[in-house]
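Subject: Structure for your review

Dear colleague,

Please find below the structure that I am handing over to you. My findings are set out after it.

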Amino acid sequence: MIKRGVQGVLVASQVFEPLARGEASAYGYEDLKILVMPHPFGSLTRAEVTQLADDLAPRLATLVDRP
Amino acid sequence: MTPESEMIELPDSIDAVYDYVTEQRWGDGFPVIPATPKRVAAMLSASARDPEESLGIMPPGQGSATVLAVAINATMAGCRPEYFPVVTAAIQAMCVPEFNLYGLQATTNPVAVGGFVNGPAVDALGFNATWNCLGQGTRSNATVGRAIRLCMTNIGGGRPGDLDRATHGQPAKYSFFFAENEADSPWPPFHVGAGHDVGDSTVTMFANTGTINMLEATEDPEEMLHAFAVTMRCPGTNDYMSRGGPFLVLAPEHARVLEGNGYSKERVQDLLWEKSKIPARDFSGASRKYWLEPMWTDLLGELHDDTLIPCSESPRGINLVVAGGPSIHTVFVPIFGDSKPQTLPITDLPR
């Protein structure tokens, strides 16, 4: 989804996927693409988050809309 | 649900309403009072507010808590109209950003919203502050707490398994509402400590994770507070993981023993805070890494095995409320942590 020239993809951990979809819908973004990743997420260290982000980047790239 | 615009025609049968509300997932599992236009109008008449006024946005569904929407839920919950200003004040308190309604609605934690009333509204509206005040049996306690939960479900979208992600939840998610027993308390009431006048009626909302009873027969204040503090030392609670702070619902008898021996609320808080600290070694490596270190390092410095972790940022973070009937039970109420209790005046009584 592109709004105001900015790409938007929602990233959520598996346990919170229904919440992510509900929240996107509540804000009127039913078509927002969501990247679902392993749970838990909130308790990871900075280094672990960085590693996870590197691992997920290729999948994230497939969800980005082309202008 | 968009109650502002929907009028549902159903057979004139309590069973039909119960079935329909269950199918729509508008309820809590128990039967509801049909929110007919007449009943909702009666509810609205108990408030001076405009029905279209929004009391706040309730996450995670981001529904606007209009006075009308809250009145419909209060009706379904079984509230008498005179309770309605308490419900609206409670919803306003929960919509204060520091209450973090988003976090406690959407978390996997079992957190429930609890609340209590102070001031003249306690007797005027028949809230139970004495025998079994945290339990069943009083319409005002039961239905105000239930109305709050129904608003969280229908306005805030917190339906189990959907936007409410609680792993287990807890019974207090049906209803957890009571009143402080000011008449039997030797200390100034809770709402005075929160900055309100003693003659004000207020509602205090807090995010809790259950109740633990503490039976204590001693009349020695040091022994009593030691026993309470040891019970509070639960490494798995969010008090320690998320900087607290817990509530203690003190039996009037316990409060009188403490006050009679010269213990002010502040002295009790100071002692409980010191005595309830847990050494970091008692937490798992994962808890230390993921929770304690990010949460506490700025206040406590680098954590070592013998670093003492408190249940709140400061002694004043331990909240003391006096309630209940006679006998020697005090209730420890662990807190969600990432949520600041809110005390608001009950202001929208009819003109």
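Predicted model: local features only at pLDDT ≥ 70, side-chain atom pairs only at ≥ 80, totals over all residues.

Interface between the chains

In the model, 12 residues of chain A are in contact with 14 residues of chain B. Together the two chains bury about 1000 Å², of which 62% lies on carbon and sulfur atoms. On the side of chain A, the residues that lose the most area to chain B are A:Leu19, A:Glu23 and A:Ser43, which together account for 42% of what that side buries.

Between chain A and chain B there are 4 residue pairs in polar contact and 1 salt bridge. That salt bridge joins the side chains of B:Lys289 and A:Glu48, at 3.2 Å from N to O. Helix α1 of chain A, residues 17-26, gives the most to the side of chain A that touches chain B, with 5 residues.

Sheets in chain B

An open sheet of 4 strands in chain B has the order β4-β3-β5-β12, and its pairing is mixed. Strands β4 (177-179) and β12 (342-345) of chain B each have a single partner strand, so one side of each is left without a neighbour in the sheet. On average, neighbouring strands of this sheet are turned by 20° against each other, direction ignored.

Within this sheet, β5 of chain B (residues 202-208) and β12(B) pair in the antiparallel sense over 4 bridges. B:Thr204 has B:Thr343 in β12(B) as its bridge partner. Two helices of chain B pack on the sheet. Helix α4 (residues 84-94) of chain B touches β3 (112-118), β4, β5 and β12 of chain B, and its direction makes about 50° with that of β5(B). Helix α7 (residues 139-154) of chain B touches β3, β4 and β5 of chain B, and its direction makes about 140° with that of β4(B).

A further pairing concerns strands β7 and β10 of chain B. Strand β7 (residues 247-250) of chain B runs parallel to β10(B) and is joined to it by 4 bridges; B:Val249 stands opposite B:Val321 in β10(B). In a regular strand the side chains alternate between the two faces of the sheet. In β10 of chain B (residues 319-322), B:Asn319 and B:Val321 point one way while B:Leu320 and B:Val322 point the other way, and all are buried.

Salt bridges

Over all chains, the structure holds 13 salt bridges. In chain A, A:Glu17 forms one with A:Arg21, the closest N and O atoms being 3.0 Å apart. Both residues lie in helix α1 of chain A, 4 residues apart, about one turn of the helix. A:Glu17 is partly exposed at 24% relative accessibility, and A:Arg21 is partly exposed with a relative accessible area of 43%.

In chain B, the side chains of B:Arg49 and B:Glu53 meet at 2.8 Å, N to O, in a salt bridge. B:Arg49 counts as buried at 15% relative accessibility, whereas B:Glu53 is partly exposed at 28%.

The side chains of B:Arg316 and B:Asp270 also form a salt bridge, at 3.1 Å from N to O. B:Arg316 lies in the loop between β9 (308-309) and β10 of chain B and B:Asp270 lies in helix α12 (residues 265-275) of chain B, so the pair ties together parts that are 46 residues apart in sequence. Finally, salt bridges that share partners join B:Arg49, B:Glu53 and B:Asp348 into one network.

With kind regards

Conventions. Residues numbered from 1 in each chain as written. Chains lettered and ligands numbered in written order. Heavy atoms only, no water. Buried < 20%, exposed > 50% of the residue type's maximum accessible area, 1.4 Å probe, protein only. Pairing = 2+ DSSP bridges. Axes fitted to C-alpha atoms, helices over the stretch in contact; angles between N-to-C directions. Contact = heavy atoms within 4.5 Å. Buried area = accessible area lost by both parts, 1.4 Å probe. Salt bridge = Lys/Arg side-chain N within 4 Å of Asp/Glu carboxyl O. Polar contact = N/O pair within 3.5 Å; in protein donor to acceptor, adjacent residues only side chain to side chain.
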